[in-house]
Every structure is written in structure tokens, then in C-alpha cells.
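Here are my notes on this one, point by point. Have the model open while you read.

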Amino acid sequence: MISFRKVLLTGLLLLPFISCFSQVVIEGKVLENINNTPVSYVNIGILNSATGTISNSDGSYSITIPDSLLDENLLFSAIGYETIIIPIESIILKNKLVIRLKEKAIYLDKIIISAPTQKNKAKRSWLGNGKKHLMVQGQMYLDSSSAGSAMALLIEKNDNLDLKFIDKARLFITKNTESEFKVRVRFLEVDSSNNNIPGKDLVNESIVIKSSIKRGWIDFDLSSYDIKIEDESFFLVFEWILEDKDRLKMFNTLAEYGRLNPDKIIRDTVIIDGEMVPISDYSSRAPIPVIAFGDTRTKSDLLKYKCYSRSNSFGAWERGTSIISANVLMSNNPTINANSFAEVSVSKSRVSDQKNSLIEEWSHDFLEYYSIIGMQISVSLNKNMLFSKGFGYSDFENEKFVNSQTRFRIASVSKSITSAAIINLVSDGKLDLDLDVRRYVPSFPTKRDSLTSRQLAGHLGGIRDYYEISLDELFGNPHFHTATEAISIFKEDTLMSEPGTDFLYSSYGYDLLGAVIEGASGESYLDYMQYNIWEPLLMSNTYGDISDSIMINKSKFYYPNEHEAKPYDLSYGYPSGGLISTTEDLLIFGNELLYGDYFDEKLKNKLFESQYTIDKKLTNYGLGWFIGKDFNGHSIWYHVGELPSSGAVLILYPDDGIVISLLSNTPILTNALNGLPLEVQKLAAAIYKENNN
């Protein structure tokens, strides 16, 4: 038997079962007092208890109250409205309880908005924890019977007391399995009368954002809300928003998983508020609908920051054992635009005479925004290089700076280069994209269904991806001399789906393609790439990563907590994510695909034609390239890459003639278009808009 009060868990997939003890269900609707319109996402519950929820978007709600709490009060609290407190005993016999909230009377100080003067120089700064979570789980909320859980990060201004205006807040989502989710941002006072825990709301607005990202930063643009916080410290709070349908889906999903996999569930009992309640501990492979907030847990972070969490709308705030990955952009003047990247604009004179300073300014902002130790960027327009430079450190401890020759890991951008080898073999008559891969890799076991190189290159082969349970699957591998040896990691595994039926992104699928290259060419993957791709294209700084770091000009790499990453062997996945290069080499590669004649033109075009599933669904992925449009509707071909200690972007604008390559020795976790940073798109937009004038 174990005893616990928190339902906010790290990594452990623990779902409190709905209590089998006697209970009362109260249902109803929350409306505005004057016009009777529904009030969305109202916090409802019993103070400092395990009983709490949130109203749905239409104001409806349902809350289950155990008999042991029937003598308590039920609270209804919405931002911008007066809180209503009702004794539960007085309402348990009502069929439907309609609550009408009265809007709070707010008295605002007069704010004079003026442009910054020399004495009031424009200033802004990110405050909070800008680091990202290394693994995929983070802090997740897995409760099918209540809602309103939240995490609160203490923001202390320290020497920045002149920063009073909130321009932006951001939160890192480390895992999302849903098509869309909602998160609310709040700002709470520090309750000095109650051990400095989160207290009352400082902002009279309910600010909810919808997002569909799977992993990355989500931004709350708050510049239009005129939020001013005078306090020396406050809490930045992010609240999970779950509606009844979300909780029902969660419950039904786990119930079905339990029915089909009874041997993978551990039944136990916990004590909640002195009562024994049955629980189920689900395998981490269970298909649990979840949205997880990123966090960091180093000793230095736990000493530097204070974080609190609660399990439901009115649950007790408890000191967290990890720090939420979230921060807030504050300024000393409300006229400062929060979105520095949106400010990128190019006049004709700046393009012709000061193009370097434009991209350099953008690069400094990008370095700071993503908390990058060191990075490299190269940009070309119509085959001509506009800019190429390194920023930050390749070796932080020894103060060695990044330059244009510094080599970085390119992670999954390796897939784009591997796909070029595939079409090169087709052009030479050594490979048929539509033959079973066993023709070239006889050691790959027979499966129920055949699969082809074309399907593997388009992530339609049904091969699984990394388990994402721990880093052992990446760090614990021996050295492999060939790609064919490396497929031993996964070759015996059952296919996740029938080839051609589902787009399932798979790095292991590309590792199998590396074995196909070896079988078709008669050479090892690295030898074939060296003599048939990199040397002919003069990509002199590109090769497979070597774990002992003896390579000349190789950067060191850093985890999101800024600690140096331990070297590990990437030979298990050279074709999918184990290559090392420079942005200038990637620029050469990108321009060869746009303008060169080394590859067969018809086959080269196949790289950028989206594949389809068997039932004619568009995948928006060709052979080694994502295919889409940027935020302005311009066509783009791109790939991003990420390892626990590096990030990479390669983007081609076929109609605008732009190629941008960016590499970093720190992860770049992004929030749009399969990981493509919006900031990179905005840099490209500044270039093509001026070029079209």
C-alpha cells in the first residue's frame, strides 16, 4: 500500500480510479449574471481537497463529491468574476445547479503610453526557466475524474524591478498525443501570509490558447492585454484545460487498454485524504491521451527556481520536485513589441548594403530565444551566399567560439541526404524503389507483408520508431561497422502497420534504407556516401559522427540544462540521424537540389512529390523531405533534426530561390510544421519580400 495526495506525476502513468465509496454527483451550468451567457473553464471544487474540476466551454459541469466531504463548501471561481461559495448540503438534492457569476468591479490606474526616451531606454528580458526537457514525458496530468491541475513558477525580478509590462509568456510542451489541446496562463500573487505559495489572480483575464503541436514551445502573445505587474515577484501559472469529453476519452481509452492487456496493469490501493481508493498503474506503453508540460530537474535548477503544483481546481499547492519549462518576456514600456522576430523587415538598402547585419541581428535573437550554447547559420539567394557565420561557443568551458568550419550533428536532416543516395542508385540502375527490401537486405526477416524502399523513404513502411521510454535505446548501443549490422536493433520487431497504410515517422525505417544502400551498392553506407555524394558535391565537412570526438573542428554538445553531453556512438543510425556537417555543406547540398545537374532531374523531382497512403491520403512527405507552405503560403521543402544535444534545420524555398541551413549544439525544440521554427520562416520572408519588390 502507498499513500499519496498528488495526481501530478513525472513519468509514472498512475490514474486514480473513480472511488467506489458512496458519493454525490452535482451537475449544472455556470452563466454570467447579467446576460446569461455561459462562462467557460470555471474552477469548481472543494478547497485543499482532491475534489475539483473545470466547467466545459459551454459552461456545463459535473463534479463527483464523496460522502466524507458533504459538509464542506463548493467553490465556483472564474477569472474576472466574484467567487461563489455554496454549502454542499444545501444543493445535493437539486437536479441541476445553475450558477450565475457576477463580474468583478475593476479599478485601473491610468496608464500613460509614450515612446521610450533616452532616460527611459527600451528594455526587455526573459524571466523564468527557458530550458527544455530532455526526454519526452515531463509533467503530465492523468486524471479521468477531475480537472484544473496547474503548475506555478515563481518569477523574481531581482535587479529588473523596472520591468513591469508582460509582453509574452511561453511554455514548453514535451509530449502531446491529442489533435488539439488547451492551456490557460495565469499570473498569481505571492501569498506572504501562507508560506509564499501561489495566491490570488493578478490579471483580470482568462487567457486560453489552443494548440496542436506534438512537442515544442507554445507562445502566449500578451502584448494586447496591457498587463502590468508592479510586484517584485509573482507566479507564472499554466493550467491544463480538460473538458468532460476529454476526461471520458481518457477513461474509456484506459478501460479498453485494461480489458485487452490485463497482464500489463498493476492493481493497488492508495490513501487519499485518509480513505483507501483502488488505483491502476498502467504500463508506459499504454495509449494514454496526454498533454505533458516540459520540466527540468537538475540540482542547480531546483536551487535557482521555485515551482508549485496542484492536482485540481482547488487542490492544495505543493512544492514541486521539478521546475516547469516556462518563462515570461517583460519590458519597461508597454509600447515595446514582444515578438522580436516579427519585427524583421528589410529595406532595399539593407539587403544590398547591410544584409549581413540583418541576419546577424536575427541570429543573436534566435540564440537567446532558444537558449543555445553555439550555432551556425548559412543563407543563400538564387545560388549566391548571403550570409554564413557561427555564434556562441563550440566549447563553452574552454571559451572556443563557433566558426564557419565548426562541425555539428545534423540529426534527422541526415534523412534528406540519405534520400539523395537512393535516387542516385536508381539512376545507376542498381536499385528499384518498388521491389521488396529483402532483395537488397536478405538478412531482414520475412514479415507478414512486404515493404519497399519507396515506402521506407516516405515513412510508410510500418517500421517502429524509438520507444521514447529512456535514452538507453540511443546511448546503450555498441559500435556498428555497417548499417546492415545496425538493423539488428529492430529487425525482429513486428511491423506497426501494414506497409503503405499509415504515415508513421520512423528513424529505424531510414536505418533499414542505409542497409538497402549497402546491398545495392556493395559498399558500406559511409563509403558510398563519401565517394558518391559528399566528394562529388564538395561537401568536405560531412561524414558519420565519431563518438570519441577526434574529428577536427567538431563542436562539443550540450543538454538543455546547459551541461555538456557525454559522447555516445551514433553508428546505429548514420542514415537516419548520425551524420555531422556544417551549414555551408548543407547549403551546397540544398542548392544542388534546386539548381544542380549531378542528380537525374526526373528522379530529383520525386524527392519533393508527396506520397500517399493506400487509401489516397496525402502524407505531405516525399522521399526524405517534408513538403508544405510557410506562414505566408510560399512553397517549402524542409527537414529538421534533433538529438538530446543538438538541433538542425534545412529549408528550401523552390519558388523564391532561398536556402537556409542552421545547426546548433543545443536542442532546438520547435512548435510548428513538424518542428520547423516559425522564426526561420520569418527570416526567409524578410528576404523574399524584399527580393520581390
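**Notes on the fold**

1. Two strands pair here if DSSP finds at least two bridges between them. Helices (H or I, at least four residues) and strands (E, at least two) are DSSP runs, numbered from the N terminus.

2. Before going on, a caveat: this is a predicted model, where local features need pLDDT of at least 70 and side-chain atom pairs count only at pLDDT 80 or more, while totals for chains, interfaces and linings use all residues. Residues are numbered from 1 along each chain as its sequence is written, and side-chain values use heavy atoms, with hydrogens and water left out.

3. Strand 25 (residues 307-310) also runs antiparallel to strand 13 (residues 150-156), joined by four bridges; leucine 153 stands opposite cysteine 307 there. Which way do the side chains of strand 25 point? Cys307 and Ser309 go one way, Tyr308 and Arg310 the other, and all are buried (under 20% relative accessible area; exposed is over 50%, partly exposed in between, with a 1.4 Å probe and protein chains only).

4. Further along, seven strands make an open antiparallel sheet, ordered 31-30-29-38-37-36-35. Strand 31 (400-401) and strand 35 (626-629) are at the edges with a single partner strand each, so one side of each has no neighbour in the sheet. Strand 29 (residues 374-381) and strand 38 (residues 658-664) share seven bridges, and methionine 375 stands opposite serine 664.

5. Helix 11 (residues 583-595) packs on that sheet, touching strands 29, 30, 36, 37 and 38, with its direction at about 150° to that of strand 38. Contact means heavy atoms within 4.5 Å; axes are lines fitted to C-alpha atoms, for helices over the stretch in contact, and angles run from 0 to 180 degrees between N-to-C directions. Helix 13 (residues 678-691) packs on the sheet too, at about 155° to strand 38.

6. How many of the 13 residues of helix 11 are buried? Ten are, so the helix is largely enclosed by the rest of the structure; Phe589 and Glu592 are among them.

7. Lastly, the axes of helix 4 (residues 414-427) and helix 9 (residues 525-534) come within 11 Å and cross at roughly 75°. That makes helix 4 roughly perpendicular to helix 9 (65 to 115 degrees; under 35 is roughly parallel, over 145 roughly antiparallel, the rest oblique). Residues meeting there include Ile417 and Leu425 from helix 4 and Tyr525 and Trp534 from helix 9.
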